[in-house]
Structure formats: structure tokens, C-alpha cells
Amino acid sequence: MVIKKRQILWDWTNTAGQGNPGVPDKINQVPFGGNSPVASVVNWNAWVPPELKGRAPFRPMVRVLESAKGNDWATIQNSNFPIILFFNEPERSGISPEKARDIWYSQMLPLRKNKGKKLGSPAVASDENGRKWIEKFMSLVSNDLPDFLCLHYYSKSADEAIKYIENMHNKWPKLKVMVTEIACIDRNYQAVLGFTVKICNWMDTKDWIFEYGLFDFQRKVADSFVSPAAQLMDGNGNFTELGKLYVHQQPMKLPGKASIAAVEESDTLAVTEFSAAAALNQDQQKALNAHNDKRKSKGLKPLVWDNQLAKHAETYARHLAQIGKLQHSSGDQRPGQGENLAWASASSTPLAMSANMWLAEEKNYHGEPIGQGDFGSYGHYTQCMWRSTTKLGMGWAKDAKGGVYVVGRYSPPGNITGQKPY
């Protein structure tokens, strides 16, 4: 028998709107129907994605204070769906438990009393601030508790996730649980697979867990905290291997063991390439491919993606987004690393865009030693193509206006004065 608990966390950017073409047709990859483990769809908003077309229940959300008034609140009041979710990580958006209580009594409870709706609690982060916030809120509404306890959890350990969810359930054992966001934050794809298979199979077997949502179906990594290796959707809106497992397979199983074993017998290198490719999201892979395609044309060895370099690159990209300008880091900030920088007003594939922009400087390079000619017009290209460089890592961050800062880190570094890249 199919256990229907899995939520599709369908990011609002997938839905077509003004200035956003979206990828609404990509929802057709979800196997809606009686034999599917998919139970519902969430987009963190009050409005229903039109591409859903009534194929599954929608869970409207009063996400922030603004959602409790105006058009959003009118949409909530007129909703035909039986469950309403309330506040998403309110402790991080400046909503106090007392303010949430006031809205709970003045607006949310009337939905239950007058319209028969079931209500989800605010969903808080699993850190200390989040736990203190929800404990305070639940004490303030102890005589009128929600119908569901909504939880978020991100970590590298499925065992820790299970322990947290069980502990929170034990605090309010009469409430069904909705884990409305959960994901592995490990950057290693195999670790992500292990976490996801274990936690989903465990949640499927617990009667007191009503639904859960694996984070999330969107075309880009939500932020630097979320693991690129845990993406359920690629940059074009197609479901990743992990996304396909989540919507199709129950119980979930670790993929590819038989096929990988067959490759190992004949070609060890192929297994290495498979594992490396699996660990990268589409944008990272495109950026790496762009480098290596150009290097191959010059007879140079390919670069290998390095997660540690990528982590350093992302950290520095966040710094650039904060200061609002491109500025190279000092040598002591990146010992043994070369660096390329880029900026764009917006991009859905910032790493690939930057790599191609750097490599396009090939037209400005005429074989001169570094330091001669117009180095500023070709220096990104020569770093990408430096013969002795073997590793690449890239990261990006957005500023408050949506501008994208991209950092590439290379090891060993290139652009040594007086030398040529190849």
C-alpha cells in the first residue's frame, strides 16, 4: 500500500508571473495519483500555483505578518483547502511569540471555529532560538493548540534528525507532526543520498507524522546554507536523481549500486568521473566543463572540482556582496590559491556564466608572458588555463539588490609574472 505523506515544496519562482517566465510545465514530472507517495503541494504562499490544476491538495501558508492582511489574507479566508499553515521561521523575521499569539486568536482560530479548517503551528528552525520561540508560543496558546506541530530540520545526520523530531513530538504528543522542511546539508552527494533515504523511509513508517517536505524544488540553490548536492531540481527545472527518487520510490533505496559495480570491474576511472559528476549541481558542472573543454583544446589536463576551494570561494563571495564591489582578496587570505571574480545584475547560472565570460578573454591573449601586454584584458583566461593548476572551486552570493557576485578559486595558483600559461 502506498503511504502518501510527501509534500512537494514547489518554489514560487517555478510559477510563471510578471517578469518571471518560470517553469510551470515542470510540475508534470510529479506523478500525481493514487499510486504516488505525493500527498500535497506547498509554495510558502496563500495563492495556489495554477499549474497544479487540482491534481493534489494545496497547503496555503500565512508565511509572514504581511500575509495576515490584504489580498493574501483574503485568499486564505476564501480558501477551499482544509489545512492552513502558520508562519515560517517567525523567530528569524522579528515576529514575537506574543504577536503570533495575538494573530492566532484574532484570525487563525476563527478559521477553525467558523470554517472547520485544521491549523499548523508556526514552523521554527531547529536551533536554540527556534526551540525557545515555539515553546513560548505553545505555552501562550496552550488552551487552543494547533492541529499540527510543524517542524524544520537541516543537518548532516539522519540519526540527529530522527532524535530531534522525536523529542519535539514528545513535548506535544497529542499533535500530529508536519516536517515542512528537511534536508541534508552535507556537500557530499553520497552522504545526501544516505541521509535522505534513511529519514524518508523512517518518516513514512511513523503514524504520528502526517506529512513531510524535502527541501526543495527550485532551479537554484536557495542560499549558502543549503547543500548544492541536495538539489531536487536542476537549473532547467528538470528533476535531479534525488528529486526523482523522492517523488517515485517508496521505500527509497540508494541508487546505482549494480551499475557502478559493473563499471568498477572494467574501468575505475569511469567510477571516479561518475562520483564527481554526481556531487555537483548543474551550474557547477557546466562551469567545470567550460574550463575543461577549453583546456582540452590546448592539450591541458582537466581541472578537478574541489569542495574546500568552493567553500572558500562562497565565503568570499558573501563578503563581496556585503561590501557591494569587486575587490580581490589578499594573498594571505587565500594562500596557495588563484582567484577570478565576476559580477552580474542577475543570473540563473552564475558559475557557468562567469566561467564563460573569463574564458572569452582568450581573444585578448596573444601568447605573451604574464605582465606583458594588457594583462587586465586576459588575466582571467590565463588563470583558467594555467598548466600547473589542477583544482577549481567556485561560489556565489547575492547582494540586497539581487546582484550576483562570483568567485573562482584555483590551486595551485596561476598568473605568475614572466611565465606563460601553456
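Strands S3, S4 and S5 form an open sheet in the order S3-S4-S5, with parallel pairing; two strands count as paired if DSSP finds at least two bridges between them. Helices (H or I, at least four residues) and strands (E, at least two) are DSSP runs, numbered from the N terminus. The edge strands, each pairing on one side only, are S3 (61–62) and S5 (118–119). Helix H2 (residues 97–115) packs on this sheet and touches S3, S4 and S5, contact meaning heavy atoms within 4.5 Å. The direction of H2 makes about 175 degrees with that of S4; axes are lines fitted to C-alpha atoms, for helices over the stretch in contact, and angles run from 0 to 180 degrees between N-to-C directions. Two bridges join S3 to S4 (residues 83–86), and Met61 has Leu85 as its bridge partner in S4.

The model is predicted: local features need pLDDT of at least 70, side-chain atom pairs count only at pLDDT 80 or more, and totals for chains, interfaces and linings use all residues. Residues are numbered from 1 along each chain as its sequence is written, and side-chain values use heavy atoms, leaving out hydrogens and water.

Turning to helix H4 (residues 158–171), its buried residues are Ala158, Ala161, Ile162, Tyr164, Ile165, Met168 and His169 (under 20% relative accessible area; exposed is over 50%, partly exposed in between, 1.4 Å probe, protein chains only). They lie on the same side of H4 because they cover an arc of only 165 degrees around the axis, taken from the directions from the helix axis to the C-beta atoms. Exposed Lys163 and Asn170 are on the face turned away from the buried side of H4. The cover over the buried residues includes helices H3 (128–140) and H5 (189–205) and strands S6 (148–155), S7 (176–184) and S8 (209–217).
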